[in-house]
Each structure stands twice: as C-alpha cells, then as structure tokens.
Amino acid sequence: MNRYIESINELNEWELRIILNELINEAEASSDSGKLLQVIDDRIAEARSKREEIERLQRYVHIVFSLSDAGSLKVALSEAGRRHENKVVAFNDLFSIGPIKHLEQPEGQRNRQRWMLDRFSPFRVLNDRNRESQLDHMIEEIKAIPEEKCVIVWCSDNSHDQTGMRLVMHLLRDRQQPVQLVNFSESLCDMTVPPIAQAYVDPEVYRDMVSNYENARLLSSRERQQYTAEWEELSNSNYELRLWQGGEIKGSEIEAIDGIIVSAAVSAVQESGDEEGFVKAGTVVAKVFEHFNQVIGDGFIEYRMWSLISNGVFEFRGLPGALYQYSIRLG
C-alpha cells in the first residue's frame, strides 16, 4: 500500500486526473462495476462538500498574474494565520506578449493559444498543467465571484500585470461591490527604483503588505470604468507585443526589441573575449534583462533571437532547445 501512496504523491495533478478517468472508464466497462462506481461517487461527493465548506469560509478572493506570485501570497497568508479565509487565484499566462483580441471570447482564446503553440515549444506541455489557472477557466471563475466576497487584485507596473488587471476589471464590470487594488510599484514609489514586479519586493516588506491586505486601496467607480475602457481598447488592437512606457501600456511591433537583443549580444561578446565571437544564448538573454526593464519572458526573447538567426543576423552552434546548450554570434 505504501508504494502506491508514494507513487501517487510523485504525480502531477493532471496525471492523476488521467488515471482517475481511465479507472472510471474501466469500471464502467466491467460486469461488476457497481460497488467501485459507488465508492467513486461517494468520494466525489465528499470532496465537493469539503470544497464548498472551504469556499464558504473564504471571505477574500485575491487575484494575481503568475503561479509564483500566487505561491508567495499563499505562504505569506499562512504565516499571518489568515490562509483559511482567503482564496488565491492566478493566471498562468503572459499578457505582455501574444494576441489578446477578444480574449474573453472562445475564438479569441483559441487564436492566442495557436499563436503560443506556433512559437513556444514548451507551451503545449505547460498548457496541459495547472488547469485551474488556464485562461478560459480563470475568466469564468472571476466572472462568477460572489458579491459577498471581497476582491483584491495584486499587480505591479509592467505590461503583463497591467494588461491582466484591465482584463480582470472588464470581467468584473457588472460587480456592484468594491474592488481593491495593491500595486507594488505605487505603494513602494519612494524607493530609488520601484519594483517592476512582485519578485523584486523585499521579503519582509512583502510580508508586511500581505498582513495589511484588508487596507488595500479601494478603486473608485470611475477608475474601474477607465480600466474597463482601456481593456476594450487593448482588446480591439492587433499588437502582439505590449511594453510599459511612460506609465502606459504601449502596443508595439513584434520586432521592437530585436535591436536590444543585437546590442546585448555585442556587449556579451565583448565581455567574454571569445575569439570566434560566440556567446551563450542564455548570457544574451540575461544581458537583455539587465538593460530592458520589462516583463516579457525569456521565451519571447529566445523566439526573437531565432527569428534573427533565420534572417541571417545571427549564426548559432550547439543544440537548440535550451538556452545554455547553444551559442550565437553576429552573422
């Protein structure tokens, strides 16, 4: 029995779902299926009842825009002894890149998914995991948040968070009760360099902010309407890259950062001193982030890097597939 428990604990949630579905199918096909199916029905009912009880106790719903941010928030809430009354939901997406036209509609979601699948090889695997954080599920969950729950949105000043926040405001546009907002960049604006993302917030400062989540700023009706209008404008555009510039989300052409990548590669080669002019692709990506204060993901930078390779701007050697398995140089 212990070996089964150990094996189950090693599996991901999506793998467990597949196994359970297969067991149910086999049980239904069996001539002696009644007892097993009754056990499954009972356990499902128990799990659903337990989930409903947990959700009844949850007074607050926190919305964040990455799984890592969600993990940090859950830990901080647990440390504050408030985890039981708070639900944390997270998008597993990157809203600074890719099409977002009519994203709240199934066709818009499919269009975005196709765009991602065509450009990022790991996306298919990642898209099959963390089902509850995928775009279609999150959209429906946010729209269904009961009025009696308090909603708090956590973000920073970057195009990913800010685009996602405007989508959330659009989804909550018919909500009568207030919505609260924590913007790390605004709250910590007295710092020499305000954080562009939650990951840049000092852990002690972060814990203090989480402990005081009830005092998060209430958005006025006018602010919510403005964010909703801005989402509608963004959603009707065809840009596939969004940057945070001058306190606004700016739609940009997909090639907008190519020059920055080339400059980063030149700088990295100069520092490495490699006689052949080659430098690890991962080093170039790191160099881009040193001078480019945006949240666009290393996968997008690598995608643009391969576009430059295809166009003859760069040459490469090594094994494509992982940033530190191949090197590039100017062609």
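1. The largest cavity holds about 30 Å³ of space. Please keep in mind that this is a predicted model. Searching the whole structure turns up one cavity of 30 Å³ or more.

2. Which residues line the largest cavity? They are Val64, Phe65, Asp69, Trp154, Cys155, Asp161, Phe184 and Gln198. Sorted by class, this lining has five nonpolar residues, two charged ones and one polar one.

3. Now find Gln294. Gln294 sits in the loop that runs between helix H13 (281-291) and helix H14 (298-310). Is Gln294 buried or exposed? With a relative accessible area of 9%, Gln294 falls under the 20% cut-off, so Gln294 counts as buried.

4. Leaving aside residues up to four places away in sequence, Gln294 touches Ser159, Ile196, Leu243, Trp244, Gln245 and Phe289. For Trp244 there is a further detail: a polar atom of the Gln294 side chain lies 2.9 Å from the backbone nitrogen of Trp244.

5. Finally, turn to helix H7, which spans residues 135-143. Its buried residues are Leu135, Met138, Ile139 and Ile142. These residues lie on the same side of H7 because they cover an arc of only 100 degrees around the axis.

How values were computed
Residues numbered from 1 in each chain as written. Predicted model: local features only at pLDDT ≥ 70, side-chain atom pairs only at ≥ 80, totals over all residues. Heavy atoms only, no water. 1 Å grid on protein atoms, 1.4 Å probe; cavity = no way out; pocket = protein on both sides within 12 Å on 5 of 7 lines; lining within 4 Å. Points joined across faces, edges and corners; volume = space filled by probe spheres on them. Nonpolar A, V, L, I, M, F, W, Y, C, P; charged D, E, K, R; others polar. Helix = DSSP H or I, 4+ residues; strand = E, 2+ residues; numbered from the N terminus. Buried < 20%, exposed > 50% of the residue type's maximum accessible area, 1.4 Å probe, protein only. Polar contact = N/O pair within 3.5 Å; in protein donor to acceptor, adjacent residues only side chain to side chain. Contact = heavy atoms within 4.5 Å. Arc of directions from axis to C-beta.
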